[in-house]
Amino acid sequence: MKTLTFLARSGPYGSSKAKALLDMVLSAAVFEQKIQYIFLDDGVYQLLSDQDSAQLGAKNVSAALPALDLYGVDRIYLDTESLQARGLQSRQLLIPAQPCNSDEIRSLIADSDMVFSL
Amino acid sequence: MGRPALTLPHGRHVALDKDGYLARLSDWDIEVAAALAHQEGMTLTPAHWDVINLVRQFYQEFGLSPATRALVKYTGQHLGAEKGKSLYLMTLFGGKPALTISRLAGLPRPANCF
Amino acid sequence: MSTLHIVSKSPFRTDALQRCLSLVAPGDSIILIEDGVLAVNLSILGERISGTDVSCFALAGDLIARSLTTAGTEIQQADAASFVALVCEHRNSISYG
């Protein structure tokens, strides 16, 4: 089994990157690989609860996050420095994510067979 | 060049996409589901409807058409562990249950289902 | 001769907000749109506009989508119509992409 790491680095609505990476994660999950989904930089905004994109005419990207568990994606991590730099708190998050510091994220990346970043 | 369409009783036509899924999700109703099932050589029973309604609930909740693994787990959570098995879904809907169920439920083709 | 400064990029990914804050002049307005609204709670923005006659706005649809609010800031929410009105009220506008 390969370890595939996905780095979510973009905000949820400024581009289609968040949705594209999520689709890659869900596709990879079908192959039952070890998947690490790491939210950092502006990617931490993807995890905020109470997103409502109706006025933008866009799909709510965060709606799919609670389904990750059903897809067997349960290694979800969060860069605490990114969260703090943006004045956000983990209690504002829609799904549980394991808080990590930079050292821990570096070692998650180092242990990966493949890394995708969007 | 005709676009793919499903013909229903009373001359009603419903547009399909190139994979045979509904072009417009809002066109779906019970009659459409029954006609799509007929195309697949199936007659829908209450057991089929339980799963079709559940997959529509999944789409409402998460904005996704489920892949098989997620569908199996979700079925187990909502319809009971004995139904949360891929064999149960394959008995009802054939060899590729996730694709067939989303089609009958009027949802887009599951993006991450091969 | 006022100018509307339009910031559409995340302050954490580009220098759009910084460039805007260094060019904004008294009587000007700033509007945050798209990923620009991610700056809504940043102290560098709050401190720059506080006690000045620079008005700052953020597009409501972009805020709500991202689960952000202007509560506790001096930033006002704007809808699409008020965005258009702001463009008309100012002599010039500058986009920071």
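Analyst: Ser62(A) counts as buried, because 26 C-beta neighbours lie inside 10 Å of it and the cut-off for a buried residue is 20 or more. The model is a predicted one, and what follows should be read with that in mind. Ser62(A) has its place in the loop between β2 (34–39) and β3 (75–79) of chain A. Leaving aside residues up to four places away in sequence, Ser62(A) touches Pro12(A), Gln46(A), Gln51(A) and Leu94(A). The C-alpha atom of Ser62(A) is also separated by 9.4 Å from that of Ala18(A), although the two residues are 44 residues apart along the chain.

Val25(A), when residues up to four places away in sequence are not counted, touches Phe6(A), Ile35(A), Tyr37(A) and Val73(A). In soluble globular proteins, nonpolar side chains tend to be buried together.

Chain A also meets chain B, in a contact that takes 13 residues from chain A and 12 residues from chain B. On the side of chain A that touches chain B, the residues divide into 8 nonpolar, 3 polar and 2 charged.

The C-alpha atoms of chain B fill a box of roughly 45 × 25 × 25 Å along the principal axes. The radius of gyration of chain B is 14 Å, which agrees with a compact globule, because a globule with 114 residues would have a value near 13 Å. Of the 114 residues of chain B, 32% count as buried, and among the contacts in chain B with a separation of 6 or more, 48% are accounted for by residues 24 or more positions apart.

As for confidence, the mean pLDDT of chain B is 92, with 96% of its residues reaching 70 or more. Within chain B, confidence is lowest in strand β1 (residues 5–7), at a mean of 84, and highest in helix α2 (residues 46–62), at 97.

Definitions and conventions. Residues are numbered from 1 along each chain as its sequence is written. Chains are lettered from A and ligands numbered from 1 in the order in which they are written. This is a predicted model: local features need pLDDT of at least 70, side-chain atom pairs count only at pLDDT 80 or more; totals for chains, interfaces and linings use all residues. Two residues are in contact if their C-beta atoms, placed from the backbone, lie within 7 Å. Ala, Val, Leu, Ile, Met, Phe, Trp, Tyr, Cys and Pro count as nonpolar, Asp, Glu, Lys and Arg as charged, and the others, Gly among them, as polar. pLDDT is the predictor's confidence in each residue, from 0 to 100. Helices (H or I, at least four residues) and strands (E, at least two) are DSSP runs, numbered from the N terminus. A residue is buried if 20 or more other C-beta atoms lie within 10 Å of its own, exposed if 12 or fewer, and partly exposed in between; C-beta atoms are placed from the backbone. The radius of gyration is taken over C-alpha atoms; the globule rule is 2.2 Å times the number of residues to the power 0.38.
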